[in-house]
Amino acid sequence: MLTIQFIRENREKVLELLKIKNFQTPAIIDNIIDLDNDRRNLQVKANDIQSEINNTNKEIGILFRKGDTEGADRIKEQNSLRKERVLDLEESLRKTGDELRALLLQVPNLPHPSVPPGNGAADNKIVREGGSIPVPGKGALPHWDLAKIYGIIDFDLGVKLTGGGFPVFKKKGAALQRALIHFFLDENVAAGYDEILPPLLVNEESGFGTGQLPDKEGQMYYIPSDNFYLIPTAEVPVTNIYRDVILDADDLPIRNTAYTACFRREAGSYGKDVRGLNRVHQFDKVEIVRIEHPDVSYRALEEMVSHVEMLVRKLELPYRIVQLCGGDMSFTSALTYDFEVYAAAQGRWLEVSSVSNFESFQANRLKLRFREKGDKKPRLAHTLNGSALALPRIVAAIMENNQTPRGIVVPEILRSYTGFDIILKD
RNA sequence: GGAGGAAUGGCAGAGUGGUCGAAUGCGGCGGUCUUGAAAACCGUUGUCCGCCAACCGGUGGACCGGGGGUUCGAAUCCCUCUUCCUCCGCCA
């Protein structure tokens with residue numbers, strides 16, 4: 001959420017930048033400014049009258065002690081009239097505030113000046129590529145076929161147990177998952193991230209704090225009996241650790257990493273995008289989250305990108321880094337880099353990480369602030385996060401790219417974790 | 001799941017209807033003293049939304065777990081939710 005103060009003081013700039021994000025209803029901005037003016041006027045009036053009430057209430061106490069009940073009653077009468085007016089004003093104030101807030105929630109984050117305009121994936125900018133795209137051997141199979149042949153992932157069994165999109169990993173498939181999680185966590189911790197193992201269910205406030213609620217409500221699994229949501233990413237619980245917190249500037253940066261299962265309803269997805277591991281309802285992911293001083297948050301973003309790049313390289317996967325255009329970026333992000341790896345048998349790029357700077361957009365919702373030494377006022381911190389990494393598509397790419405007539409070769413770096421260097425047919 | 005108790009400022013802990021945003025202690029910050037530090041002493045010490053001045057600052061309102069109510073007036077009384085503690089039951 002943008003702060004009302006910023007919108008008020010930067011109307012032109014806000015309107016300009018929102019164009020890049022393809023924001024469809026710019027009139028909202030002027031509505032917001034108007035409502036804010038109304039709100040402030042109402043507050044001044046209500047506060048003035050309340051002030052009169054507070055002062056005269058003190059007099060009542062004094063009069064009572066003196067025994068002047070008549071004088072006290074006179075003031076009481078006046079105050080009940082004042083009270084009525086205050087209640088009226090407060091009612092309008094509340095209404096105006098609610099409207100204002102509702103509109104404010106509809107305004108996406110402003111893009112960083114470097115964000116290219118555009119409508120979709122086609123307008124994204126390829127920043128860097130690495131590794132060489134493998135030429136699939138004759139008879140190379142997509143990972144869903146390999147999964148069956150090697151008996152390491154059972155999609156049908158998942159359907160039996162739960163439903164589509166809940167794969168069951170078996171034997172060396174399960175071991176590979178475990179190895180990847182362990183490997184990513186080790187690498188992240190070595191890079192200075194503190195490991196967190198958070199709850200997988202969160203309450204409404206948390207969903208709101210990171211921006212999943214209210215707009216992306218339908219994308220999360222919901223448990224009505226307790227009013228909990230299953231997390232779509234570790235970002236939600238980990239970032240919410242810092243909700244309603246005022247940090248010292250010395251505490252920054254804060255770097256956390258967390259492995260969690262992630263749950264996404266993925267309503268509306270279909271077709272080749274959802275085959276096999278390409279898109280599932282439950283998956284494993286290791287996330288990195290940072291809280292940064294606003295002056296250095298973009299340097300932190302670059303660090304995160306380099307870190308994720310290192311992970312992909314260590315896994316020897318062909319990759320490319322893409323800067324998202326305004327139209328493809330998420331509601332909350334100011335700048336996003338996607339990582340894609342190439343899956344040889346499918347012949348397509350699969351997104352495996354998304355690294356974003358949210359600047360103060362999330363922090364404003366979260367009330368996540370920090371105080372500079374000697375400063376009185378706390379300031380909003382910047383939040384960033386990224387996947388390091390999401391497992392399913394990494395697994396898909398490893399399987400497809402590393403298939404040989406003998407079996408699926410485990411990337412060198414993972415072998416100390418798996419304890420085997422090739423997955424053979426049973 | 002059942003029965004009781006509790007929730008106050010960074011922490012501890014007073015405050016049971018009216019000058020209470022809240023005593024006191026600790027911690028933090030500033031100062032005196034000191035070559036420096038400690039001790040001692042003095043001062044200061046939250047958050048949010050406004051208004052005026054817009055450099056310092058001044059000023060109004062709100063906030064004592066959340067929400068609602070009683071009252072001219074609530075940290076204080078009532079209702080409700082949440083959380084924590086104790087006891088019982090169940091259990092990985």
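Trainee: Which elements each supply at least two residues of the surface near RNA strand B?

Mentor: Those are α3 (27-66) and α4 (69-104). "Near" has a cut-off here: the residue's C-beta atom, placed from the backbone, must lie within 6 Å of the molecule or strand. The labels come from DSSP runs numbered from the N terminus, with helices being H or I over at least four residues and strands being E over at least two. Keep in mind that this is a predicted model: local features need pLDDT of at least 70, side-chain atom pairs count only at pLDDT 80 or more, and totals for chains, interfaces and linings use all residues. As for labels, residues are numbered from 1 along each chain as its sequence is written, and chains are lettered from A and ligands numbered from 1 in the order in which they are written.

Trainee: Which element gives the most to that surface, and which residues come nearest?

Mentor: α3 does, with 13 residues. Of the 19 residues around RNA strand B, Asn47, Ser51, Asn54, Ile60 and Gly61 come nearest. By type, the surface splits into 5 nonpolar, 9 polar and 5 charged residues. In that scheme Ala, Val, Leu, Ile, Met, Phe, Trp, Tyr, Cys and Pro are nonpolar, Asp, Glu, Lys and Arg are charged, and the others, Gly among them, are polar.

Trainee: Let's zoom out. How many helices and strands does chain A have?

Mentor: Chain A has 13 helices and 18 strands. Its C-alpha atoms fill a box of roughly 100 × 45 × 45 Å along the principal axes. The domain assignment gives domain 1 (4-104) and domain 2 (121-424); such bounds come from an automatic or database assignment. The C-alpha centres of the two domains lie 44 Å apart.

Trainee: Which strands does β12 pair with?

Mentor: Pairing needs at least two DSSP bridges between two strands. β12 pairs in the antiparallel sense with β11 (residues 319-323) over 5 bridges, and with β13 (residues 348-359), also antiparallel, over 9 bridges. Tyr319 stands opposite Val341, while Tyr342 has Trp349 in β13 as its bridge partner. β12 and β13 form a hairpin with 4 residues between them, and Gly347 in the turn has a positive phi of about 65°.

Trainee: What about the largest nonpolar core: which residues have the most contacts inside it?

Mentor: In soluble globular proteins, nonpolar side chains tend to be buried together. A core here is a set of buried Ala, Val, Leu, Ile, Met, Phe, Trp, Tyr and Cys residues joined through C-beta atoms within 7 Å. The largest has 81 residues, and Val341, Leu389, Ile394 and Ala397 have the most contacts inside it. Helix α12 (residues 391-401) gives the largest share of this core, 7 residues. Domain 1 and domain 2 both contribute residues, so the core lies between them.

Definitions and conventions
Buried ≥ 20, exposed ≤ 12 C-beta atoms within 10 Å, placed from the backbone.
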